[in-house]
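Dear colleague,

I am passing on the structure we discussed, with sequence and coordinates placed just below.

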Amino acid sequence: MLALAAVALYWRHWIHQQRALERAAVVEGRRAAAARRAEWLRRIAQPPPLPGARTLDTAHYRITTTADDAQTRRVADAVEALYPAYLAFARGLPGVQPRPPADRLRLTLYADRAQFQANNFATPWAEAYYRRPVCYAYVAGDAPNPHHWMLHEATHQLNAEVAGLSLAKWANEGLASYFGASRLRDGALHPGEIDPDTYPVWALGAADLSGSLDRDVREGRIIPLRTLVSGIDAPPMARNVNRYYIEYWSLVHFLLHGEGGRHAAGFRRVVARGGGLEAFTREIGPPERIELAWYADLRAKIARYAPDAVEGDDIVAVPPSE
C-alpha cells in the first residue's frame, strides 16, 4: 500500500508538472505571437527605408519614390489633378468642411509591382494600400494608365485626412474606385468619365451576369445591395475581390450619374452621414428600391466596356450613365 501511495503521489506530481509546462508553453506562445504582431504593426507604421529612394514635393504631396523621374512626375501630376476634383466633391457634402492638412500628404511610390509586393504590409492580394498617414502604390510599367492605383489610395487618404470622413466600406471603397477609375485628360481629372484602362473597369468581363437579377443573386454572381451596404452576412472578401469592387464602383457611379443624377444629392447626404444602411434607407430609400435599375446600369457598363462578355441577345438596352 505504501508503494501504491508513493506511485500515486509521483503520478500526481508529474501531472502537475506537465500541466505547468503546458501553461508556460501557452503563455510563451502568446507572448511570441504578441511580439510578432507588435513587430508587424511597427513595420506597417514605419516600413524600412527603401534603398535609393528620393523625395519629390508638390503643392499638396510629399512623394517618396524609387520610380524614375518621368514616372514619378506622371503620378505627381495625377494626384495633384485628383486634389481639386475631390475637394469639389467634398465641399458638396452637407455639413462637411474639408480641411487641408498642416503638412503635405504623404505617398510612397514603388518602381514596379515586384518591389511593392516585397514591401506589402497589407492583404496579400492588394495592389496598393493606405495606412494612415501614407499611401503605398507602384508604377504599372508601360500600362496606359500607370497611376490609377495611387489615385484610389489617395482618395482614401483625402476621405480621412482632408474631409474627416469615417465611411462604411462600400462608400469608402466605392468613392476610391470612382475617382481612381475616372479619366485624366488635359491635366485635369474628370470624375465620372470612365477610363477603361483602370480597375475595376477592366474586370467587368469577369462579372458573368446572366441578365436576371434574381438568378444572379441566387447563384452568387451578385451580392445584393442590402448586403453590400450593410456588410451583414456578406461573402468573404478574399474569394470575391472583383465582385465586391465592381459593385462598390458601379453603385457609387450609378448613384452620382445614373437615372439623370436623381440620386446624387441623396448619395452626398449618405456619405456625409457615414454611409451606413440607416442613412442609405433614409436618404435614398431601401436598397431594393434601386437594385433593378442599378443592375441594368451595371449590365450596360459591361456591354460597353466588356462587350465580349455579353451574348448578343442578352444586352441590357440602357444607355451608359457617364
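Which side chain does that of Asp216 meet in a salt bridge? The partner is Arg221, and the N to O distance of this pair is 3.3 Å; a salt bridge is taken here as a side-chain nitrogen of Lys or Arg within 4 Å of a carboxyl oxygen of Asp or Glu. Please keep in mind that this is a predicted model, in which local features need pLDDT of at least 70 and side-chain atom pairs count only at pLDDT 80 or more, while totals for chains, interfaces and linings use all residues. Residues are numbered from 1 along each chain as its sequence is written, and side-chain values use heavy atoms, with hydrogens and water left out.

Asp216 has a relative accessible area of 0% and is therefore buried, and Arg221, at 19%, is buried as well; the cut-offs are under 20% relative accessible area for buried, over 50% for exposed, and in between for partly exposed, using a 1.4 Å probe and protein chains only. Through salt bridges that share partners, Asp208, Arg215, Asp216, Glu219 and Arg221 are joined into one network.

Over the whole structure, the search finds 17 salt bridges. One of them pairs the side chains of Arg104 and Asp57, with 3.8 Å from N to O. This pair links distant parts of the chain, 47 residues apart, since Arg104 lies in the loop between helix 2 (69–90) and strand 3 (105–110), whereas Asp57 belongs to strand 1 (residues 54–57); helices (H or I, at least four residues) and strands (E, at least two) are DSSP runs, numbered from the N terminus. Arg104 is partly exposed at 34% relative accessibility, and Asp57 is partly exposed at 35%.

A further salt bridge, at 3.6 Å from N to O, brings together the side chains of Arg73 and Asp77. These residues are separated by about one helical turn, because they stand four residues apart in helix 2. Arg73 counts as partly exposed, with 38% relative accessibility, and Asp77 is likewise partly exposed, with a relative accessible area of 43%.

Turning to the histidine, His156 is found in helix 4 (residues 148–161), where a relative accessible area of 8% makes His156 buried. If neighbours within four places in sequence are left aside, His156 is in contact (heavy atoms within 4.5 Å) with Tyr130, Asn172, Glu173 and Ala176.
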